Amino acid sequence: MQLRTNNLTKNFGDKCAVDHVSLTFERGVYGLLGPNGAGKTTLMRMLVDVLPPSSGKVTLDGVPIKELGAKYRDILGYMPQEIGYYRDFTARRFLHYLSALKGLDPEYANRRIDELLDLVGLADVKNKRLGQFSGGMIRRIGIAQALLNDPKILILDEPTAGLDPNERIRFRNILSELSEDRIVILSTHIVSDVQSIAGQVILLKEGKVINCDTTENLRRLVEGKVWLATVDHTRLSQLKKHYPIGNVLQKDDHFEIRIVSDTKPLDDVTPAEPSLEDVFVYVFGGEEE
Amino acid sequence: MNNKRGSRGYLLRTQLRALVTDRGTLYIFLAYIVFAFGACFSGNFRDTWMKVINGDIFATLTNLYMPFFLMAAILLVISPIFAGDKKSGMEEIGDTCFYGKHAWKVCKVQAAFLYIFVMCSAGYVFTLFMSLFSKTPPNFTQRVFEFGNSGVVMTNAQFYLFSFVLQYIGLLFLTSIVLAASSKSDDPIIPLAVGACLCGFELAFDFVVFSPILWEFNLFRLLKPFTILVPTTLFTSPLKAILAVASTFMVFTALLVWVTLNGALKEEPKPQLDLAQH
Amino acid sequence: MNLVGTEFKKIVSKKYVWIIALLVALAYAYLILNFANNFNVIYTKNALQPVFQEIMDAAYNPQVQEYVTKKGFNVTFEEIQPMISPKIAETIEQYQGKVYEGYDVAKELKEEAALRIESLVERNVRISESIEELENAPDTPLNRYFLQQYTHMPKIEPNLTRWDNWIDINKTMLPLIIAFVVLLGISGVYSDEYASKMHGILLTTKNGRSKLFWNKLLASCLFAAMTVIIFQVFAALLYTHVYGLPFKNTPVNSLTTFYMMPNTMWALQFYVCQLIGSLLGAIVLTAVALCISSFCRSSLVSLFLSGVYFALGTIWSNTFEVGFISSFASLPGELSTFSLMSLTDVLGNAKVFIVGNSAIPTAKLTIVAQAIIFIVAIILNYFFYTHKEMGA
């Protein structure tokens, strides 16, 4: 199974949100990383065929998804960034409604819904109205509905936003198990989510693909370019003007900072082991921007 | 795990259930219960608030008052059917499902029409039961309605059935207008306002004869079926009036449904799928 | 940044409000313009207005009065022609031989002239009889009220002006249209903030509570006032085109609509009261709509409930329209927002409500009731807004 985008472009008036993106997705987990406004959500919406591209196409095994239509949607699971729901529906009823939309047999749907509610930890509130759910609970419902039809292609937009650390770990584990024979594409700002489960990371900036590689190879990009320094406030302000700054940790009267730079920024810095976050800072700029 | 295929019928039933169990349906039905109770059991209430047709409470309620409650149900419950999903973001999720996009749209239209049928039927059945226990229960075999020069002769039972059919055609038209407005807007308030406007002006044209054509081809001629049986300047025969008015509204209904679906019938999901084998 | 301006702009920038308002205005114009070519509009009153004074003199001529009374207030023009000014006949003569829409114009004008005279005589006779009866009747608050009203009435005039039509502007249709447009614009003021999850942010800002509340109220009232002004001016222009301006002021008691009502006002005064009532009513409706909007999470439900509130008042008011005494059954309709916007029933019919030994004009009660509703609505509005739970 191969999902491809061929020179996919989307323009909103003068602004080009996605600029000639060509990618190939096969089995595994793909992380879509990029700053706000990079075009991640727009790209995802074109992948799930709710937003028509200005040019280019999305194909599944060589067949445009527009032609496939319902056949494509039958193997698709999508979780948008903003999850729409019906406030007066209970969790169970909402999933039943979606299972009908996904063309599932009612008996099968019943079993599947119970399994998924258990999986996302909402079994004890299944008869509670969605209007009474917290933000994190709604996101978990969003994950559950995306998995209803046991999709072969799973596209998740900011799936872990609003989830507590335990829930995020649980979610990562679910995705890891699912990714064996599926295409999973997830976009997130939480680099640690992508770091632990994504086989490939796609870096998107201003609608263009900057890089697409494994996390290991991307880390190598910034090997020898990550530095740890201890500075005061004045020094920090000066450094921000010249270098991308990663993590800033305040300690008593000084700051412990991570600087990402091709050359050694200061004399009294120590080299650090690079992380995916440092790649993010290196490619997209840290506090400098 | 077997991914068993569910039918379009199941989706339709689910959609219909969502409409019938909507809070708006409940509140409007409750309001009608209170009104009908007052009409059937309180002489004071009847004298103050109602004009009774030929002493027949059942015909009065179903011909003069129940349509307004059904119109309120259409405006409140059907308006968000498309626009509400767009506003809440539900449309984006639904459109990525197997029965999403076109099939879902078609299903919503079917469910809306079925909903009106269910509501109309429930209204008739409920009113029948209420009026049976009232002081003036309906007598189906009698012929209470004599329509002057029209020569129309029908028993009460025939008249009630005739009323149901005509009212359903009228309510379908209103539903189709609200559906069309809802499908083209992203705020449920717009189809509500459009529907309310239509009802308001049809009512005005019904009360005052500004134009014979607008008075004749009026939604309330269908919603108050006893009025269509009286000969007028335009239609000397009630049969001609019924055929002309009903068919005109049915044509408009079909047109509005086409506007709503707007090419939705091109793509239909097929039961056999190759990709599910991957 | 000007908060009032921003809130006002949020309301008026909703395109659908203006599109629907335009459609409604066009439909309204179509309804009114339909009357433009009616015989009654083209001729009848217009043709007889030049001899207004002569017709009035004829109606107050003792000889004519005696004759008309003897004939049971049913006379023909030919019967009274010898007793009245020849100028009336000369004016009608100009239309001799003219036919319009199947009507013989001269014949119709003669009937109209006779009708105006006999109607005026009848009113004067009936009022005199009523005064006589009341003077001999027991001293009750109602009788005292009627006696005072009838004895202080301006001199009744022939109904040859267009005031019947102008007062009709605000009878039913225009208040409904204004209310509809106001509710369309206002129903989402708070519920849209909840839907967009903005209210959580608003409530935590410095000016996000009481200051924003007052600004929203002011902006909404400005919108309502603007709607009232636009539609009243539009209706006035339409009526001017169709019926022409009323060529003189006339007492309300001369109008067909208020036959035998104990009303001492003049028509222009009454019309101005209707305009003020329309504005005040729209503002009260705004407060109620804002209150409902702050309670509902959905602007659809908010619009529907506000509409039900106004519609109930309208239906109730129109169900108990007849007569000039308010009862407990009719009061809810008479004290409604619709009633304030129309005033045709409570003020035009000079209705009273008997409380103990006093006859209180119902119009005053309407204003008081609406003021109370306004205050309660804004108090509840503030409470609902600041206590709304933030959803997911």
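A cavity is taken here as a set of grid points where a 1.4 Å probe fits but cannot get out. In this predicted model, the count under that rule comes to 4 cavities of 30 Å³ or more.

The largest cavity holds about 70 Å³ of space. Its lining consists of B:Ile28, B:Phe29, B:Tyr32, B:Met66, B:Phe69, B:Leu70, B:Met119 and B:Gly123. Three elements of chain B, namely helix H2 (23-41), helix H4 (57-78) and helix H7 (102-132), each contribute at least two residues to this lining. By class, the lining of the largest cavity comprises 7 nonpolar residues and 1 polar residue, with no charged residues.

The contact between the two chains involves 45 residues from chain A and 37 residues from chain B. Chain A and chain B bury about 3700 Å² between them, and 58% of this area lies on carbon and sulfur atoms. On the side of chain A, A:Arg73, A:Tyr97 and A:Leu101 account for 19% of the area buried against chain B, more than any other three residues.

In the salt bridge of A:Asp49 with B:Lys101, the closest N and O atoms are 3.1 Å apart. The side of chain A that touches chain B receives two or more residues from each of helix H2 (65-68), helix H3 (70-74), strand E6 (76-79), helix H4 (91-101) and helix H5 (106-119) of chain A. Among the contributors, H4(A) gives the most, with 8 residues. By class, the residues on this side of chain A divide into 23 nonpolar, 7 polar and 15 charged.

Residues of both chains line the second largest pocket, which has a volume of about 470 Å³. Of its 19 lining residues, A:Val50, B:Glu91, B:Asp95, B:Lys101 and B:Lys105 are the closest to the centre of the pocket. B:Lys101 is also the residue that forms a salt bridge with A:Asp49. At least two lining residues come from each of helix H5 (80-88), helix H6 (90-94) and H7 of chain B. The most are given by H7(B), with 4 residues. The lining of the second largest pocket divides into 5 nonpolar, 3 polar and 11 charged residues, whereas that of the largest cavity has no charged residues.

Conventions. Residues are numbered from 1 along each chain as its sequence is written. Chains are lettered from A and ligands numbered from 1 in the order in which they are written. This is a predicted model: local features need pLDDT of at least 70, side-chain atom pairs count only at pLDDT 80 or more; totals for chains, interfaces and linings use all residues. Side-chain values use heavy atoms; hydrogens and water are left out. Contact means heavy atoms within 4.5 Å. Buried area is the accessible area (1.4 Å probe) that two parts lose on being put together, summed over both. A salt bridge is a side-chain nitrogen of Lys or Arg within 4 Å of a carboxyl oxygen of Asp or Glu. Ala, Val, Leu, Ile, Met, Phe, Trp, Tyr, Cys and Pro count as nonpolar, Asp, Glu, Lys and Arg as charged, and the others, Gly among them, as polar. On a 1 Å grid over the protein atoms alone, a cavity is a set of points where a 1.4 Å probe fits but cannot get out, and a pocket is an open set with protein on both sides within 12 Å along at least five of seven lines; lining residues have an atom within 4 Å of a point. Grid points are joined across faces, edges and corners, and a volume is the space filled by probe spheres set on the points.
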